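Please read it with the structure open.

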Amino acid sequence: MSVLFFKRFLKRPFQIASIVPSSQALVERVASKIDFKRARVIAEYGPGEGVHSRALAQRMRPDAQLLLFELDPAFSRDLARQFAGDRRVRVINANAMTIRSELIQRGIVQCDYIISGIPFAFIIYQVTNELRQHATDFASAASEYFLQNIPPMFITVFRKAAVANGNGAVDSAARLSSNYAQ
């Protein structure tokens with residue numbers, strides 16, 4: 001665990017949900033849910049010190065983009081330093097709720113994957129599986145209990161059915177907020 005992570009946890013224990021960063025085993029398992037050959041745009045909500053972010057950037061295609069939404073200014077500065085040499089990675093010191101405007105600003109139609117350890121997302125890792133029962137907007141959800149982390153975590157992949165517009169095509173505006181891991 002880094003000193004920065006521990007300091008930020010002490011300052012904001014309810015925003016930083018764990019006293020220790022995700023284990024390498026959890027990072028690997030979450031990354032295994034992503035088809036990196038297909039993924040062109042990945043967003044991460046609440047990357048913290050970048051444990052998952054580094055793994056994602058390592059596996060991404062050369063033409064892919066990784067958008068890191070981090071509220072904490074200290075984490076944002078550290079992430080910007082870590083990824084200064086990688087033009088595919090953008091650190092956004094803003095709430096994840098700004099994703100639509102951030103995508104529009106960058107000329108991006110949709111995200112292929114959104115991962116998060118905060119309590120609303122598409123691929124999530126959390127201590128409890130409580131959110132699953134409240135995620136009624138999704139067509140399905142598949143969870144696994146992952147013991148190789150302290151504390152053990154549930155990894156849940158939410159899937160939303162594609163929305164067809166009046167012409168029978170998939171509506172890209174609906175896909176903007178509902179893409180999921182395959």
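1. Basis. This is a predicted model, in which local features need pLDDT of at least 70 and side-chain atom pairs count only at pLDDT 80 or more, while totals for chains, interfaces and linings use all residues. Residues are numbered from 1 along each chain as its sequence is written, and side-chain values use heavy atoms, with hydrogens and water left out.

2. Confidence. The average pLDDT (the predictor's confidence in each residue, from 0 to 100) is 82 for the protein chain, and 77% of the residues score at least 70. Residues 163-182 have a pLDDT below 50, although this stretch has 39 contacts in the model beyond near neighbours in sequence. A contact means heavy atoms within 4.5 Å. Where pLDDT is low, the predicted coordinates should not be read in detail.

3. Elements. The protein chain has seven helices and seven strands. These are DSSP runs numbered from the N terminus: helices are H or I of at least four residues, strands are E of at least two. Along the sequence the pattern reads α-α-β-α-β-α-β-α-β-β-α-β-β-α.

4. Sheet. The seven strands of an open sheet are ordered β3-β2-β1-β4-β5-β7-β6, with mixed pairing; two strands pair if DSSP finds at least two bridges between them. At the edges are β3 (89-92) and β6 (140-146), each of which pairs on one side only. On average, neighbouring strands of this sheet are turned by 15° against each other, direction ignored. The axes behind such angles are lines fitted to C-alpha atoms, for helices over the stretch in contact, and angles run from 0 to 180 degrees between N-to-C directions.

5. β6 and β7 (residues 153-159) run antiparallel and are joined by seven bridges. Tyr 145 stands opposite Phe 154 in β7.

6. Burial and surface. Of the 182 residues in the protein chain, 45% count as buried. Buried means under 20% relative accessible area, exposed over 50%, and partly exposed in between (1.4 Å probe, protein chains only). The accessible surface of the chain is about 9,500 Å², and 55% of this belongs to carbon and sulfur atoms. These areas come from the Shrake-Rupley method with a 1.4 Å probe; for residues, only the protein chains shown count as cover. Among contacts between residues at least 6 apart in sequence, 58% join residues at least 24 apart.

7. The whole structure contains nine salt bridges, each a side-chain nitrogen of Lys or Arg within 4 Å of a carboxyl oxygen of Asp or Glu. One of them joins the side chains of Glu 28 and Arg 59, at 2.6 Å from N to O. Glu 28 is in helix α2 (residues 24-31) and Arg 59 in helix α3 (residues 51-59), so the pair ties together parts 31 residues apart in sequence. Both are partly exposed: Glu 28 has a relative accessible area of 36%, Arg 59 one of 28%.

8. Loop salt bridges. Lys 33 forms a salt bridge with Glu 144, with the closest N and O atoms 2.7 Å apart. This pair links the loop between α2 and β1 (41-45) to strand β6, 111 residues apart. Lys 33 counts as partly exposed, at 23% relative accessibility. Arg 38 and Asp 112 also meet through their side chains, at 4.0 Å from N to O. Arg 38 lies in the loop between α2 and β1, and Asp 112 in the loop between α5 (99-105) and β4 (113-116), 74 residues apart. Arg 38 is partly exposed at 34%, whereas Asp 112 is buried at 10%. Salt bridges that share partners join Arg 29, Lys 33 and Glu 144 into one network.
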